[in-house]
Amino acid sequence: MIAAVFNSRGWYKFRRNPLSMVGLFLVALVVLMAVLAPLVAPYPQHAGAFVDFVNASQPPSWSNPFGTDLVGRDVLSRVIFGYQISLMLGVVVLGIAVPIGVGLGLAAGYFGGVVDYVIMRVVDVFLSIPPLVLAMAIMGFLEPTLTNGMMAVAAMWWPWYARLAYNMARSESREGYVLAAEVIGASTPHILIREILPNCLPAVFTKITLDLGFVILIASSLSFLGLGVQPPTPDLGSMVAEGARYLPDNWWMAVFPALAILVAVLGFNLLGDGLRDVMDTDR
Amino acid sequence: MGPSLLTSLIRRLWMSLLVLIGVSMLIFCIARVIPGDPARIALGPNATQEQVDLLRERLHLNDPLPVQYAEFVKESLQGDLGMSLYTNRPVVTDIGDFLPATLELVLFAGILMVAIGVPLGVLAARYRDGWVDNLVRLLSLAGVVTPTFVWAVFLMLGFAFFLEWFPVAGRLSEGVPPPPGITGLYTLDALLTGRFATFADAVTHIVLPATALAMTGIGQTARLTRASVAQAYDTPYVHMAEAYGYPEGRIASRYALRPAMIPTLTILGLDFAAMLGNAFLVEAVFAWPGLARYGVQAILHKDLNAIVGTVLVISAFFLIVNILVDLTVAWLNPRIRLENRRAAG
Amino acid sequence: MIDVKTSVSALALAGATALLPMAAGAQTTLRLDEVAVGELDPAKATDYADSILMFNAYDTLLLPTRGGGGMAPHLAESWAAAGTTFTFTLRDDVAFASGNPLTAADVVFSYDRLIALGQGFSHLFRDHVASVEATGDRTVVFTLNQPYAPFLAGLTRLQIVDSATVLANLEDGDFGDLGDYGQAFLSANAAGTGAYAVTAHNPQEETTFARNDGYFLPFDGAAPDVVRLRYGLEGATVRTLIARGEHDIASQWLPPEIVRGIAEGDGTQLLLESGTGGFYIKLNTQKPPLDDVHCRRALAYALDYASVLALVQVTDEVAQGQPANGPLPVGMLGSDPGLAYPGQDMDRAQQELEACAYAPGDHTLEISWIAEVPIEERFALLMQSNFQQLGFGTEVVRVPWALFTERATSVESTPHISQLFVNSTTPDPDALVYNMYHSTVAGTWQSVEWLQNDDVDRLLEAGRAELDQDARAAIYQELGALLVDLQPTIYAYETQSVFPASSRVTAPSLSDPAQSYLVNGMNFMFRHMSVE
């Protein structure tokens with residue numbers, strides 16, 4: 001199904017929608033900046049332990065287009081390095097949450113009965129605890145490091161995928177092709193992985209591209225609570241949280257990182273919508 | 001409500017109870033693994049080890065976890081959720097004080113989400129792929145991608161600091177007495193008792209925080225509605241209605257919107273717990289004395305009883321809201337009603 | 001109704017001041033805020049917000065002398081000390097908010113309650129006081145176990161409660177006939193003699209007070225009729241409220257940038273409270289490489305003190321700190337103006353480093369900062385860059401307060417470097433240094449140095465036992481010099497709490513050192529404030 005985008009017809013459809021192209025461009029830009037951060041950032045050393053109190057809290061200028069923060073670090077450089085962390089966060093969190101959620105959801109939807117009952121009640125439990133409370137509790141239990149932060153966000157994310165996969169698997173398992181596979185004696189793993197899963201993937205894949213942005217946001221909410229990435233590592237969410245304290249005087253400290261999050265999330269959303277449109281008509 | 005619906009409602013309530021028991025066990029364990037000794041934090045900086053030990057004893061913190069849980073279940077069945085170490089008051093009192101404020105906020109945010117998000121979505125779907133669609137899409141994405149707390153700070157600085165259009169903090173202006181407590185929702189109570197000046201004051205206070213809380217939801221609702229309505233516009237019955245020359249408004253509300261409300265409502269219901277959780281950021285900025293902020297303070301102070309109590313109440317509301325959503329969905333969609341009957345039978 | 005009340009209070013004041021025409025009907029309101037929720041129960045109060053509540057809703061036997069050392073009469077009109085026995089004679093014109101007159105039995109009840117609950121400031125008395133007895137309606141005798149110099153200063157933390165009112169409001173609890181000892185009642189209501197009566201207490205939102213016009217002392221100037229102490233306001237919120245004239249005094253916990261932003265607005269002023277504590281950079285003296293005094297001194301010489309102070313500079317004239325030269329702030333008994341003020345000196349830092357048994361490159365220093373105090377992140381980054389120059393590896397760690405108190409309980413988990421703001425809870429040096437440095441108290445957040453030094457212990461004990469003020473001052477001076485030499489702590493600066501405020505408030509105790517109390521939070525007695 002990813003191939004659908006890369007065949008010429010899909011690409012043509014994709015390219016025809018200007019918003020999808022904007023999305024692709026933004027995502028490419030963000031990913032490139034993250035990967036090439038040490039080369040692109042004007043002051044790479046400002047991403048780490050660095051203080052320059054003489055140049056602290058300076059408004060945007062030619063030498064610091066996004067201004068400087070409270071200890072004199074270049075905000076633009078930190079935004080560029082911040083993309084590294086934020087993107088990694090999204091990839092890792094979804095990399096953990098999606099397989100767990102989809103796997104459990106498929107199993108519950110296909111097997112039904114006790115399996116369905118137990119798994120979906122657990123999902124309900126997780127969904128009915130406010131996600132931030134859940135993440136904070138887990139972060140509180142573990143030390144507030146980046147790895148643990150990602151685990152915490154993943155723990156609150158998987159139930160949504162379980163829900164999604166569950167609903168899909170439940171309807172798909174009554175479709176003719178699954179019944180046919182059962183009749184010819186295909187093994188259960190075969191039916192789950194080779195027959196049902198591929199039909200759930202377009203929806204899951206679309207949700208992933210939409211969710212990447214939300215994960216970055218959730219991480220920034222954690223940072224607001226002081227539970228996110230450890231300083232001096234730059235993280236977009238923490239930068240906005242820290243900067244929001246100093247509005248309106250040091251407006252650049254919050255506004256530019258917030259715009260940076262906006263650009264990334266907007267990019268992924270537009271790209272996701274574009275991909276979904278292509279796949280929807282492809283099916 | 002037919003007998004089948006009643007059966008399914010009872011089944012749902014029973015399952016909700018199971019979920020609530022699961023939540024209580026989970027949060028009971030989670031609350032105890034958050035680092036920090038609750039007794040030490042509660043007693044403050046100058047407490048001696050002896051004092052800490054004494055309080056731990058009094059709070060039964062040295063008992064095995066299952067014993068503590070059994071004790072908790074016994075007491076909570078009698079309506080006692082214990083004392084909060086953070087406010088030094090019974091948790092039940094605290095929740096009674098703070099829950100209405102948050103509910104009012106979430107309720108207003110929910111109204112804003114539907115009242116603004118749904119029409120935007122319908123508009124976008126009606127003029128699909130045109131500039132209206134793209135504009136709505138960009139607007140709603142901007143709403144979705146800006147963190148709630150940033151909305152809160154921006155709205156406050158914009159409309160309270162620079163423009164001074166709205167009040168900054170709290171639920172009522174200084175000198176305005178709260179209306180008699182019937183529901184605890186100041187706007188509703190003021191209306192019920194006919195105090196229209198108080199009602200107006202309460203509404204001006206809730207506009208900014210509710211908007212900040214709703215921004216993400218407005219964007220999401222608009223996008224969901226657009227997708228569902230767009231799908232509905234493609235169905236044969238809408239094409240037929242169009243062919244018959246029915247007025248546009250009637251097509252939109254009768255044929256396109258009604259089925260399209262189902263996924264929107266479902267997501268809104270699932271989002272409820274998240275919104276109650278997110279409310280604390282808004283509550284912190286607008287000094288809104290609500291339950292969400294209480295819950296976060298409870299976690300930061302490792303206030304075990306308050307954490308468990310708050311989460312249980314939020315979960316219970318989440319489950320109730322989702323049952324209500326399902327009932328509404330069933331009412332909107334005859335096919336599900338039939339399926340329920342089959343499942344029940 | 002209001003008219004009647006005003007004229008009664010005007011009559012009451014007529015004896016002391018000229019009868020002034022009062023603004024008819026208009027109530028004056030003072031609005032201030034604190035970060036933490038205030039605890040209203042006198043047996044549980046500990047922090048700054050609690051102190052504001054206590055010093056207004058309740059009274060104590062004695063008060064510190066305004067603008068100087070020593071204690072002055074308050075609820076007790078006089079006292080006599082004989083060895084370890086202190087006899088207090090109460091005033092006869094004091095009544096509680098309920099109308100009950102103050103008696104010696106109330107003092108005994110308040111003390112017993114504090115000790116029985118075992119929280120709050122009970123540690124100031126528990127191991128030192130043998131008995132408290134009412135020997136007459138207006139006489140109370142405190143008998144100590146042994147000479148204990150900080151005793152009188154500690155009385156500023158023994159709030160006197162209306163025993164009859166509390167006993168009438170008992171609920172079920174662990175204390176036999178005494179039920180819950182009035183915990184439920186006193187956590188929501190005040191039962192004191194204070195100049196301000198609590199009219200409402202919502203721990204999440206605010207505590208409101210009304211002026212007690214039957215108070216036994218006159219009010220200074222135009223003391224506010226109503227006071228609202230709000231809790232947990234965000235910096236941006238406070239700033240907006242003050243700019244709109246809807247708030248009067250902000251808390252001291254705002255970062256310097258926001259304080260500056262508020263101070264630049266029209267009609268604002270900065271109120272100050274100083275001399276009660278300092279910013280302490282605490283070094284774990286039991287963990288290599290900081291178990292070697294030379295390594296500790298090297299760090300103390302390497303710190304850029306000027307930059308630290310520049311970070312807390314609010315305006316050209318006002319900073320949230322001033323240079324410190326030892327453990328005790330200027331003006332406190334035993335502080336030593338003769339001690340040299342430290343400054344950055346990289347050459348001496350290098351010399352000390354060479355004398356140290358450890359090679360800096362072999363060790364990574366863990367520099368912690370408390371997540372709830374964002375300015376500490378900047379100090380941490382500054383230390384990181386200063387100490388890296390000596391060749392130490394460094395790691396900056398953000399620790400939430402709850403986790404920090406947990407980590408402080410063992411040597412291994414205590415970070416190499418911890419940053420703490422500590423204020424004296426009573427006007428006595430013992431309250432500040434004993435809990436930091438005595439070897440028996442190690443393992444709390446205040447004593448993360450884990451200092452084990454016999455000379456320090458001996459001086460701390462001598463300071464408690466010595467009753468002569470001059471001799472005590474000498475002991476604490478000797479202690480200060482010893483501590484600077486041992487360097488368990490880098491004395492970064494003396495804190496000065498800065499409260500941005502509207503200029504419609506006049507608060508002499510927060511602007512004139514000659515009228516201020518050397519107790520944290522006591523300068524927020526509303527009866528000393530005036531509101532336009």
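This is a predicted model: local features need pLDDT of at least 70, side-chain atom pairs count only at pLDDT 80 or more; totals for chains, interfaces and linings use all residues.

Visitor: How do you know how confident the predictor is in chain B, and where is confidence lowest and highest?

Guide: The pLDDT, which runs from 0 to 100, averages 81 over chain B, and 92% of the residues score at least 70. Within chain B, the lowest mean, 50, belongs to helix 14 (residues 334–344), and the highest, 89, to helix 5 (residues 91–126). Over residues 340–345 of chain B the pLDDT is below 50, and this stretch has 10 contacts in the model beyond near neighbours in sequence.

Visitor: Why is B:V106 called buried?

Guide: The cut-off for a buried residue is 20 or more other C-beta atoms within 10 Å. B:V106 has 24 C-beta neighbours inside 10 Å, and therefore counts as buried. B:V106 is found in helix 5 of chain B.

Visitor: Which residues does B:V106 contact, leaving aside neighbours within four places in sequence?

Guide: B:V106 is in contact with B:M275, B:L276 and B:A279. As for B:T310, 204 residues apart from B:V106 along the chain, the two C-alpha atoms are separated by 16 Å.

Visitor: What makes helix 7 of chain B mostly covered?

Guide: Of the 15 residues of helix 7 of chain B, 11 are buried. Among them are B:W151, B:A152, B:V153, B:M156 and B:A160. Just after this helix, B:E164 takes a positive phi of about 55°.

Visitor: Which residues have the most contacts inside the largest nonpolar core?

Guide: That core has 353 residues, and those with the most contacts inside it are A:I261, B:L105, B:A152, B:V153, B:M156 and B:V285. Not counting residues up to four places away in sequence, B:M156 touches B:F161, B:V168, B:L208, B:V285 and B:F286, together with C:A236, C:T237 and C:T240.

Visitor: What makes up the side of chain C that touches chain B?

Guide: Chain C brings 35 residues into contact with 35 residues of chain B. Helix 7 (235–243) and helix 13 (401–407) of chain C each supply at least two residues of that side, and helix 7 of chain C gives the most, with five residues. By class, the side of chain C that touches chain B has 11 nonpolar, 13 polar and 11 charged residues.

Visitor: How is the side of chain B that touches chain A made up?

Guide: The contact takes 36 residues from chain B and 30 residues from chain A. Helix 1 of chain B gives the most to the side of chain B that touches chain A, with nine residues. That side has 28 nonpolar, seven polar and one charged residues.

Visitor: What is the secondary structure of chain A, and how much of the chain is buried?

Guide: Chain A comes to 12 helices and zero strands. Buried residues make up 53% of the 283 residues in chain A.

Visitor: What phi do A:S57 and C:Q487 have, and where do they lie?

Guide: Most residues other than glycine have a negative phi. A:S57, not a glycine, has a positive phi of about 55°; A:S57 is found in the loop between helix 4 (37–40) and helix 5 (75–111) of chain A. C:Q487, also not a glycine, has a positive phi of about 50°; its place is in the loop between helix 16 (469–486) and strand 16 (489–502) of chain C.

Visitor: What is the omega of the peptide bond from C:P288 to C:P289?

Guide: The omega is near 0°, and the bond is cis. C:P289 lies in the loop between strand 11 (268–283) and helix 9 (293–302) of chain C.

Technical notes: Residues are numbered from 1 along each chain as its sequence is written. Chains are lettered from A and ligands numbered from 1 in the order in which they are written. A residue is buried if 20 or more other C-beta atoms lie within 10 Å of its own, exposed if 12 or fewer, and partly exposed in between; C-beta atoms are placed from the backbone. Helices (H or I, at least four residues) and strands (E, at least two) are DSSP runs, numbered from the N terminus. Two residues are in contact if their C-beta atoms, placed from the backbone, lie within 7 Å. Ala, Val, Leu, Ile, Met, Phe, Trp, Tyr, Cys and Pro count as nonpolar, Asp, Glu, Lys and Arg as charged, and the others, Gly among them, as polar. A nonpolar core is a set of buried Ala, Val, Leu, Ile, Met, Phe, Trp, Tyr and Cys residues joined through C-beta atoms within 7 Å.
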